[in-house]
Every structure is written in C-alpha cells, then in structure tokens.
Protein chains: 2
Amino acid sequence: MSREGETILERVGFRLQLKLATIEEYVLVHENVWPEMTAALSQAGWRNYSLFLDRTDGSLFGYFESSDAQASIEAMKGLEVNVRWQREMAHFFDGLNGRNPDDGFLTLENVFFLA
Amino acid sequence: MSREGETILERVGFRLQLKLATIEEYVLVHENVWPEMTAALSQAGWRNYSLFLDRTDGSLFGYFESSDAQASIEAMKGLEVNVRWQREMAHFFDGLNGRNPDDGFLTLENVFFLA
C-alpha cells in the first residue's frame, strides 16, 4: 500500500488488560515484534501505531491512525502471521473470554482532537 | 511556534480518571474547548492531541506528539488560560489529591511503536 497522498481520516484508541504477572515478558516481546507482523500491519494501513502501558494496573492503551480504520483492522484478520501472533499474545491478557486480543480490544471514544 | 521543518521526536500517552457521574458534562465541555486554550496548546507545541474515553470505568487516555514533550508540558504551566482551564476541569477527576489535572496525570510507558 502506497503512502503517497494517503489521508489519515481516523484515529483509533483502544484498550486491553494485561495480567500483572506477565507484564515484563509482554514488554520484552514487544521489543522484538516479528518483522513479518510489522510488515503486515503497515500493509494493512496501520500508521503511527503506539502501545502505552500503565504498570500500576496493567492497562494497555493502543493508538493508531488509518485512512480507514475498520478496513485496516479487518485486513489483519485473515492473515496467517496475525493469527499466529494473536495466539501467542492471548495469554498475556485478562478479560478476552477466549477471544484473541485483536477481537477482544475495547475501542475508545475520541472526545477531543487538536491537530 | 512554526511547524515548518518541525520534527516530532516524542509521543506521549497519559491517563486520568474521570468521575462516572460527570462524564457527560466532561464530554460536552470538550466539544467546545475555549479557542484561547487550544491556541495555547498549539503555541506550546502540542500536536496531534487526542483524548479517548472508556465509558465503562471513566478512564481517560491522552495522546499527543511534540518535538519536546517536557517543554510542551512546562510551557502550559504558567499560562493564565491554562490555570483557569485546569481549575475548571479538576472537579471531573478522581485521584488528583488536590492537584490540577495537568499536574496529576500519569504518564504511560511507550512499549511499542510502528511508524
């Protein structure tokens, strides 16, 4: 996907709940995300993607931008590398009720924006 | 502050706790932030600034970018418009222990970034 002339239309904030006992391992894993996983995200239009951790209670806050956020999320679903990644990540989280993290995250409401 | 040639070096995620009873009022207030407040933030180098709300528990996540985040935060402190704004916002939040929101927010740890 070319970034030439791409317009960022949407900013997504989402939230997940990490298990406190595995925070250190989660942080370590994210220092070396598989290159094929980051390539897939870029291909699917995930831009300026950050994950922020609150160590006091394990809250994890995600932020990314996309020209079409729903399409970017859906584009990841069928990819084999994403299925493998989400399966490996699932045990870090609480509250997923058997779903993978990319199905279980809570999308937040953008209540303010200043360019 | 000119944006010409400005380099975004830092991405800041922060967190605050809203009182559930006043969420609606908080959202309404943020549909009409004072123009002199948004102008001050821009002047202080706050870029691409979003606030995201989790209505399930009142968690509020902030995200902004800056060429120098600490300088951008400090630049707001002494401004009369910011002092007035923070004073008006304080009653929406829990856990500030008498501080204004811009002194009481919790800065989160950026554990992953993909451009």
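**Figure 1. B:Glu6 before the opening strand.** B:Glu6 lies in the segment that precedes strand S1 (10-18) of chain B; helices (H or I, at least four residues) and strands (E, at least two) are DSSP runs numbered from the N terminus. With 13 other C-beta atoms within 10 Å, B:Glu6 is partly exposed. A residue is buried if 20 or more other C-beta atoms lie within 10 Å of its own, exposed if 12 or fewer, and partly exposed in between, with C-beta atoms placed from the backbone. In sequence B:Glu6 and B:Ser67 are 61 residues apart, while in space they are 6.9 Å apart, C-alpha to C-alpha. This is a predicted model, in which local features need pLDDT of at least 70 and side-chain atom pairs count only at pLDDT 80 or more, whereas totals for chains, interfaces and linings use all residues. Residues are numbered from 1 along each chain as its sequence is written, and chains are lettered from A and ligands numbered from 1 in the order in which they are written.

**Figure 2. Chain A as a whole.** Chain A contains five helices and six strands. From the N terminus on, its elements follow the order β-α-α-β-β-α-α-β-α-β-β. Along its principal axes the C-alpha trace of chain A spans about 45 × 35 × 25 Å. A compact globule of 115 residues would have a radius of gyration near 13 Å, and the 14 Å of chain A agrees with this; the radius is taken over C-alpha atoms, and the globule rule is 2.2 Å times the number of residues to the power 0.38. Buried residues make up 27% of the 115 residues in chain A. Among contacts in chain A between residues at least 6 apart in sequence, 71% join residues at least 24 apart; two residues are in contact if their C-beta atoms, placed from the backbone, lie within 7 Å.

**Figure 3. Confidence in the model.** The mean pLDDT of chain A is 93, and 98% of its residues reach 70 or more; pLDDT is the predictor's confidence in each residue, from 0 to 100. Among the elements of chain A, helix H5 (residues 101-104) has the lowest mean pLDDT (84), and H2(A) has the highest (98). The model scores ipTM 0.92 and pTM 0.93.

**Figure 4. The two chains and their contact.** The same surface serves both copies, as 100% of the contact residues of chain A recur in chain B. The contact takes 29 residues from chain A and 29 residues from chain B. On the side of chain A that touches chain B, the elements giving two or more residues are strand S1 (10-18), helix H2 (35-43), strand S2 (47-54), strand S3 (59-66) and strand S6 (109-114) of chain A. S2(A) provides the largest share of this side, seven residues. The residues of this side divide into 17 nonpolar, seven polar and five charged; Ala, Val, Leu, Ile, Met, Phe, Trp, Tyr, Cys and Pro count as nonpolar, Asp, Glu, Lys and Arg as charged, and the others, Gly among them, as polar.

**Figure 5. Strand pairing between the chains.** S6(A) and strand S2 (residues 47-54) of chain B pair in the antiparallel sense over five bridges; two strands pair if DSSP finds at least two bridges between them. In S2(B), B:Tyr49 is the bridge partner of A:Leu114, and B:Leu51 is that of A:Phe112. Five bridges also join S2(A) to strand S6 (residues 109-114) of chain B, and these strands run antiparallel. A:Leu53 has B:Glu109 of S6(B) as its bridge partner.

**Figure 6. The hairpins within each chain.** In chain A, six bridges join the antiparallel strands S2(A) and S3(A), and A:Ser50 has A:Tyr63 of S3(A) as its bridge partner. Four residues lie between the strands of this hairpin, in which A:Gly58 takes a positive phi near 80°. In chain B, S2(B) is joined by six bridges to strand S3 (residues 59-66), and the two run antiparallel. B:Leu60 in S3(B) is the bridge partner of B:Leu53. S2(B) and S3(B) form a hairpin with four residues between them, and B:Gly58 in the turn has a positive phi of about 80°.

**Figure 7. Two asparagines with positive phi.** Most residues other than glycine have a negative phi. B:Asn48 has a positive phi of about 55° although it is not a glycine. B:Asn48 is found in strand S2 of chain B and counts as partly exposed because it has 18 C-beta neighbours inside 10 Å. For B:Asn97, phi is near 50°, which is also positive. B:Asn97 is found in the loop between strand S4 (93-94) and helix H5 (101-104) of chain B; with 7 C-beta neighbours inside 10 Å, B:Asn97 counts as exposed.
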